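Thanks for coming. Please look at the sequence and the model while I talk.

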Amino acid sequence: MKVLGIETSCDECSAAIVEDGRRVLSNVVATQIPFHAPFNGVVPEIASRKHTEWIYAVAKEALDNAGIAVRDVDAVAVTGRPGLLGSLIVGLSFAKAFAWARGIPLIAVDHMKAHLYASRLSRGEEADPVPYPFLGLLVSGGHTIICRADDFDDITVLGTTIDDAVGEAFDKVAKHHGFGYPGGVAIDGMAKLGDDGAFRFPMPRLQEKGLRHNRDHRCDVSYSGLKNAAINQLGQFRAKKEGEPRPEDIAASFQKTAIDILLRALFNAAEDSGLSTVVAGGGVAANSRLRESLAARQNLQSVFPPPEFCGDNGAMIAGIGYQYLKRNDRSPLSVTASARVDGFKKKVL
Ligand code: KG4
Ligand code: ZN
């Protein structure tokens with residue numbers, strides 16, 4: 001079964017064709033980065049306008065690259081939530097029109113669950129998919145979620161951020177210091193040339209023994225303190241006083257602490273859940289320090305999507321869409337987009 005996947009939740013306009021949920025025949029990602037870069041962040045109005053201008057051509061290119069015609073598409077999957085509302089509506093409207101015109105099934109899917117599905121995609125030889133259950137690490141510009149995954153859509157949130165998302169912290173720090181856009185990519189590159197011990201930024205104390213509710217926060221993270229330290233309190237956390245601090249040192253020190261925060265919560269989740277396989281997804285899953293740190297960790301197996309499927313892409317949407325279709329789930333043409341979802345908050349007992 002060939003599914004067309006449409007993704008327009010933020011600043012990537014993407015369409016893909018995926019066969020039987022895993023084999024990627026094409027994945028076209030038209031990035032709007034140059035249009036948002038002057039503002040150092042995504043401008044929602046520009047994003048939805050660009051999606052409107054591009055979606056037809058992007059979908060056409062996805063069909064052409066897969067070497068198939070419109071009539072060969074068996075179903076359409078599309079991101080329905082969460083994301084920028086105006087941007088989501090463009091993709092959803094396109095997908096609805098395509099499905100209606102062809103008389104084929106439509107399925108609106110969750111963007112974050114699709115990120116978690118991304119590691120099951122493949123361009124060539126398909127390895128056996130990681131068996132459920134496993135630990136999910138969902139790290140993007142808007143979310144930081146550590147969860148237990150029992151199936152492609154059965155997710156229990158074990159930990160989340162109590163304030164900013166990890167990608168957001170990368171973006172804000174990079175924006176403040178003028179490191180480049182998108183911030184995560186810029187900091188990852190600069191950090192390779194910097195000294196990660198130049199600044200000793202503090203870890204959030206929310207998991208410490210003796211603090212109220214520390215048990216509840218074992219798998220949670222916080223980034224507002226680190227963001228503030230790396231933007232407003234640099235002098236206070238400088239470990240090496242000699243010479244002028246280099247931008248690369250700020251990037252390396254910030255990235256070290258940002259990833260340490262994530263790993264501490266993740267390792268607690270592994271210990272508490274007894275799960276020893278971690279599947280990562282989302283833009284920050286492309287981070288080289290995160291990948292290297294997890295690869296070096298003994299007794300924890302980590303699985304990352306290929307970099308092509310870490311950021312926003314239509315292939316992960318088509319892939320997870322197929323799994324819903326296989327069990328006969330469909331969305332009505334009246335389905336609406338929603339900017340947020342409830343399910344990504346931890347249930348505090
Ligand atoms: O999943 P994604 O493409 O879009 C959202 O769903 O938010 O994630 C975008 C986020 C941005 O915050 C970006 O700075 C971050 O992923 N990012 C990275 C890296 N590449 C992208 N963060 C750290 N290191 C990277 N290499
Ligand atoms: Zn995303």
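I will go through the metal site, then the cores and helix packing, and then some local backbone features.

First, the ground rules. This is a predicted model, in which local features need pLDDT of at least 70 and side-chain atom pairs count only at pLDDT 80 or more, while totals for chains, interfaces and linings use all residues. Residues are numbered from 1 along each chain as its sequence is written, chains are lettered from A and ligands numbered from 1 in the order in which they are written, and side-chain values use heavy atoms, with hydrogens and water left out.

Let me start with the metal. Which residues coordinate the zinc ion (ligand 2)? They are H111 and H115, each through NE2, and D312 through OD, at 2.0 to 2.1 Å. A donor here is an N, O or S atom within 2.8 Å of the metal (3.2 Å for Na, K and Ca), and water is not among the atoms, so sites may look incomplete. Along the sequence the donor residues follow the spacing H-x3-H-x196-D. H111 and H115 both sit in helix 4, residues 111-117, four residues apart, or about one turn of the helix. Helices are DSSP runs of H or I with at least four residues, strands are runs of E with at least two, and both are numbered from the N terminus. H111 counts as buried because its relative accessibility is 5%; H115, at 1%, is buried as well. Buried means under 20% relative accessible area, exposed means over 50%, and partly exposed is in between, with a 1.4 Å probe and protein chains only.

Next, the nonpolar cores. A nonpolar core is a set of buried Ala, Val, Leu, Ile, Met, Phe, Trp, Tyr and Cys residues joined through side-chain atoms within 4.5 Å. The largest one has 48 residues, and those with the most contacts inside it are L137, F201, Y223, F254, L290 and L294. Several elements each supply at least two residues of this core, including strand 6 (134-139), helix 6 (183-191) and strand 9 (277-281). Helix 8 gives the largest share, 13 residues. Apart from this core lies another, of 29 residues, among them C13, I17, I55 and A99.

Take F254 as an example. Leaving aside neighbours within four places in sequence, F254 is in contact with A169, F170, V173, I187, F201, L226 and A230. Contact means heavy atoms within 4.5 Å.

How are helix 5 and helix 7 oriented, parallel or antiparallel? Helix 5 (residues 166-177) and helix 7 (residues 224-232) pack at about 10°, with their axes 10 Å apart. Axes are lines fitted to C-alpha atoms, for helices over the stretch in contact, and angles run from 0 to 180 degrees between N-to-C directions. The two helices are therefore roughly parallel to each other; that label applies to angles under 35 degrees, with over 145 roughly antiparallel, 65 to 115 roughly perpendicular and the rest oblique. From helix 5, K172, V173, H176 and H177 meet K227, A230 and I231 of helix 7.

In helix 6, the buried residues are G183, A186, I187, D188, M190 and A191. They pack against helix 5, helix 8 and helix 9.

Now a pair of serines. S87 is in helix 3 (residues 85-102), and S48 is in helix 2 (residues 44-66). Both are buried, S87 at 1% relative accessibility and S48 at 14%. Not counting residues up to four places away in sequence, S87 touches T8, S9, C10, P44, A47, S48 and H51. S48 and G86 are 38 residues apart in sequence but 5.5 Å apart in space, C-alpha to C-alpha.

Last, the backbone. Which peptide bond is cis in the region of P82? The bond from R81 to P82, with omega near -25°; P82 is in the loop between strand 4 (75-81) and helix 3. Y181 and P182 are also joined by a cis peptide bond, with omega about -5°, and P182 is in the loop between helix 5 and helix 6.

D20 is not a glycine but has a positive phi of about 50°. D20 lies in the loop between strand 2 (12-19) and strand 3 (23-31) and is partly exposed, at 32%. N299, also not a glycine, has a positive phi of about 55°. N299 is in the loop between helix 9 and strand 10 (301-303) and is exposed, at 69%.
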